[in-house]
Amino acid sequence: MWKNLLTTLLGAHRFRWLTTYFFSNKCELATDVCAQGLLRDLINSLPELVAYKNIHGTYLNCNQAFEQLVGLSEAEIIGKTDADLFPPDVLDLLQEQDEQTLRLNNACYLETWLSYPDGRLVWFEMIKTPFHTAEGILLGILTTSRDITTRKQSEEKLKQAAQVLENSSEAICITSPETIILVVNKVFTQITGFSKEEATGRKVSQLLKSGKHGPSFYKGMWDALNTSGHWQGEIWNKRKNGEVYPEWLNISMIRDDDSGKVTHYLAIFSDISAHKKNEQRLAYLAHYDNLTGLPNRTLFREKVDRALLHARQYQTKIAVLFLDLDRFKYINDTWGHAIGDLLLQDVANRLVECVCKQDTIARLGGDEFTAVLENISGTQEVIEIAQRILDAFRPQFYLHGHETFITTSIGISLYPNDGNDADTLLKNADAAMYRAKEGGKNDYQFFALEMNEHARQRLILETQLRYALGRGEFQLHYQPQMHLASGHITGAEVLLRWMSPEVGWVAPHTFIPLAEETGLVVEIGEWVLYKACLQHREWRENGKPILRIAVNLSSRQFKQDNLAQNIIRIVKDTDMDPTLLELELTESVLMQDAYAAAEILRELKSLGIQLAIDDFGTGYSSLNYLRRFPLDKLKIDKSFIHDIPGNQEDMTITKAIVALARNLHLGVIAEGVENKSQLAFLKSLKCDEVQGYLIGYPVSGDEFISQF
Ligand code: C2E
Ligand code: CA
Ligand code: CA
């Protein structure tokens with residue numbers, strides 16, 4: 001019997017390790033005596049309570065741990081039944097389980113509490129196993145009991161907690177140490193969308209991970225948990241419907257009091273999306289003006305700081321504009337604040353339209369607005385924007401049935417000239433704005449006085465230039481071009497002249513760049529071509545010699561979509577022979593938008609119009625484009641001719657350009673020929689044509705044609 005008992009004991013799952021012990025000790029289970037002694041030693045060495053009874057429930061033996069429980073010695077226990085040892089309230093359960101074990105002839109498991117003689121209550125996990133003879137005859141029940149009080153208590157605690165938490169306003173999730181979800185509450189389901197059934201048994205990461213945090217985030221979380229047993233913070237998780245949301249999460253590690261091992265994790269969280277939105281709203285209010293939606297002073301200063309950082313790094317310029325509406329108080333006082341507010345909103349909308357996307361318009365408060373312009377090329381660009389703003393105020397404002405005009409005064413400061421930081425730039429722009437007010441309002445002023453003079457001059461010129469065409473202040477002059485070998489005049493370059501009644505004669509190198517910047521050159525250029533073609537027809541009709549005319553085209557004109565069509569139309573309208581029309585363009589045209597330019601030139605070329613590259617040698621001079629475009633002539637820039645014969649280098653370049661033109665089968669003309677040695681040198685190179693004061697000054701059409 002001892003042998004069988006021992007075998008049963010060893011066979012019971014949790015004592016399997018003992019098998020190793022016996023066989024390693026080479027213990028022979030041959031005799032009952034040996035087995036009996038061995039069994040005693042064995043069961044006494046176990047922390048579990050071990051006892052066995054016959055099929056009638058009478059105790060046959062037990063270990064010391066069991067003796068302690070019932071408070072009797074082994075000898076006293078033997079021969080007794082459970083009814084002698086345990087109180088009635090647990091007896092039923094014990095007896096019921098004994099019966100079941102015998103009836104089923106199979107191991108039974110139960111959990112129950114029992115009390116020690118000192119009154120201490122302990123929870124036990126009991127396994128009742130039937131044991132048999134070698135022939136299989138049932139002999140009795142082996143009971144092993146293990147103290148599970150700690151586990152019971154913590155489970156009890158969690159259960160209680162879960163009950164409390166079921167009605168909590170926060171989501172609760174209890175997981176195993178492997179983060180498998182064991183318990184969740186109602187709010188968990190409300191927030192995540194996962195029911196209790198869907199959530200339990202699954203890993204947290206499988207269910208909720210949003211993908212918004214990198215591995216380092218989770219590592220930080222686990223590090224904190226492992227060191228302090230606690231972590232809390234904001235985390236993005238995912239709902240069942242895929243929506244990602246922010247939650248405030250509080251995780252605690254629950255450890256076994258005795259072993260210190262992690263038994264559970266308790267996570268408590270709340271959905272903070274609404275709170276977040278509120279936070280964003282607050283952040284918005286802190287940085288934006290409520291009335292107009294424009295950045296406020298705080299954000300504006302941040303923007304200027306950022307712009308300054310960029311400007312320092314890339315050595316670019318920025319401008320700060322300070323605007324104050326003229327007579328705003330009057331509108332407020334007459335029509336009330338509601339109308340005043342409407343006006344400010346309207347003004348804000350108009351201002352935003354005046355600047356680039358990257359630039360910032362802000363409202364500092366009241367009727368004060370500011371702007372920061374980044375990456376500006378120079379004062380001209382700022383003037384244009386300031387002027388654009390003043391123009392934007394020109395149309396009437398319609399305010400709930402009221403109509404009004406209002407203007408603004410603008411002060412401008414520039415980085416780096418007028419300040420290195422946001423405060424200084426703002427202060428100086430503000431000061432400049434006051435000067436604009438003093439000067440009569442509806443105007444802009446630069447902080448630096450000399451800038452104002454420059455700006456004033458330009459503005460006058462620009463204003464005059466706008467009227468020049470309409471007032472007929474432009475004239476065309478013609479400068480002869482001569483065939484070198486024969487000495488015949490073959491054509492003339494058409495040069496624009498402006499006689500302004502206010503400013504006097506204005507040189508092309510002053511007004512052409514201004515016309516280009518303002519875009520006026522498009523209109524002016526068309527006029528030049530039209531007039532030159534008309535002049536040509538007049539000469540032809542009057543029986544004058546048939547010559548070629550060369551008209552300058554600005555690179556700005558190539559930015560129009562319909563340049564070719566416009567030219568072709570003018571040629572047709574004036575009955576001009578296209579083969580006698582030459583257009584002079586600069587290398588920059590070909591470089592800027594090579595594809596578009598090639599298209600335009602091909603169209604013009606197909607009509608028979610001649611194409612010359614002006615100022616050749618000063619630009620990028622890429623051989624590639626010379627081949628790519630349908631050109632006829634290179635015009636050697638006058639700077640190379642100027643120092644001939646003194647400058648050897650210029651002579652070499654001139655020689656090279658002539659050779660290059662030959663090679664590419666292009667004609668070549670030298671401009672700026674002022675003396676005989678220059679002419680002789682060009683003749684020696686077999687340059688095709690020359691132009692310059694030596695041959696003739698630019699003169700009016702009448703004067704030019706009178707020489708023939
Ligand atoms: P450009 O096309 O290089 O024109 C030649 C300039 O050299 C003209 O100056 C002419 O008067 C000057 N010049 C002629 N012979 C000599 C000489 O022997 N020595 C010196 N030192 N200079 C000489 P201008 O008329 O003042 O024109 C200046 C520039 O204005 C032109 O340079 C051209 O780029 C532009 N321009 C003139 N008329 C027009 C026009 O109708 N349309 C466009 N887009 N630009 C024009
Ligand atoms: Ca020219
Ligand atoms: Ca030229």
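Q: Which residues does N332 touch, not counting residues up to four places away in sequence?
A: This is a predicted model, to be clear. In it, N332 touches H337 and G340.

Q: Where does N332 lie?
A: In helix α15, which spans residues 328–335.

Q: Is N332 buried or exposed?
A: N332 counts as buried, because its relative accessibility is 15% and the cut-off for buried is under 20%.

Q: Which residues of α15 are buried?
A: F328, I331 and N332 are. Seen down the helix axis, the buried residues of α15 fall within an arc of 100°, so they line one face.

Q: What do the buried residues of α15 pack against?
A: Three elements are listed: β11 (317–326), α16 (337–354) and β15 (402–404).

Q: And which residues are exposed on the other side of α15?
A: K329, Y330 and D333.

Q: What about the backbone just after α15?
A: G336 sits there, with a positive phi of about 95°.

Q: New topic, rings. How many aromatic pairs does a search of the whole structure find?
A: The search gives 19 aromatic pairs. One of them is W222 with Y265: the ring centres are 5.4 Å apart and the planes are at 75°, so the pair is edge-to-face.

Q: Which parts does the W222 and Y265 pair tie together?
A: W222 is in helix α12 (residues 215–228) and Y265 is in strand β10 (residues 262–271), so the pair ties together parts 43 residues apart in sequence.

Q: Is W222 buried or partly exposed?
A: W222 counts as partly exposed, at 31% relative accessibility. Y265 counts as buried, at 9%.

Q: OK, next pair. How are the rings of W539 and F704 arranged?
A: Their centres are 5.6 Å apart and their planes are at 35°, so the pair is tilted. W539 belongs to helix α21 (residues 520–541) and F704 to helix α29 (residues 701–706), so this pair ties together parts 165 residues apart in sequence.

Q: Are W539 and F704 buried or exposed?
A: W539 counts as buried, at 4% relative accessibility. F704 is buried too, with a relative accessible area of 0%.

Q: Which residues do ring pairs link into a cluster?
A: F474, W498, F511 and W527.

Q: Which residue coordinates both the calcium ion (ligand 3) and the calcium ion (ligand 2)?
A: D614 coordinates both, and the two ions are 3.9 Å apart.

Q: Last one. Are D614 and D615 buried or partly exposed?
A: D614 is buried, with a relative accessible area of 9%. D615 is partly exposed, with a relative accessible area of 25%.

Key: Residues are numbered from 1 along each chain as its sequence is written. Chains are lettered from A and ligands numbered from 1 in the order in which they are written. This is a predicted model: local features need pLDDT of at least 70, side-chain atom pairs count only at pLDDT 80 or more; totals for chains, interfaces and linings use all residues. Side-chain values use heavy atoms; hydrogens and water are left out. Rings of Phe, Tyr and Trp (its six-membered ring) pair if their centres lie within 6.5 Å; planes under 30 degrees apart count as stacked, over 60 as edge-to-face and the rest as tilted. Helices (H or I, at least four residues) and strands (E, at least two) are DSSP runs, numbered from the N terminus. Buried means under 20% relative accessible area, exposed over 50%, partly exposed in between (1.4 Å probe, protein chains only). Contact means heavy atoms within 4.5 Å. The arc is that of the directions from the helix axis to the C-beta atoms. Donors are N, O and S atoms within 2.8 Å of the metal (3.2 Å for Na, K and Ca); water is not among the atoms, so sites may look incomplete.
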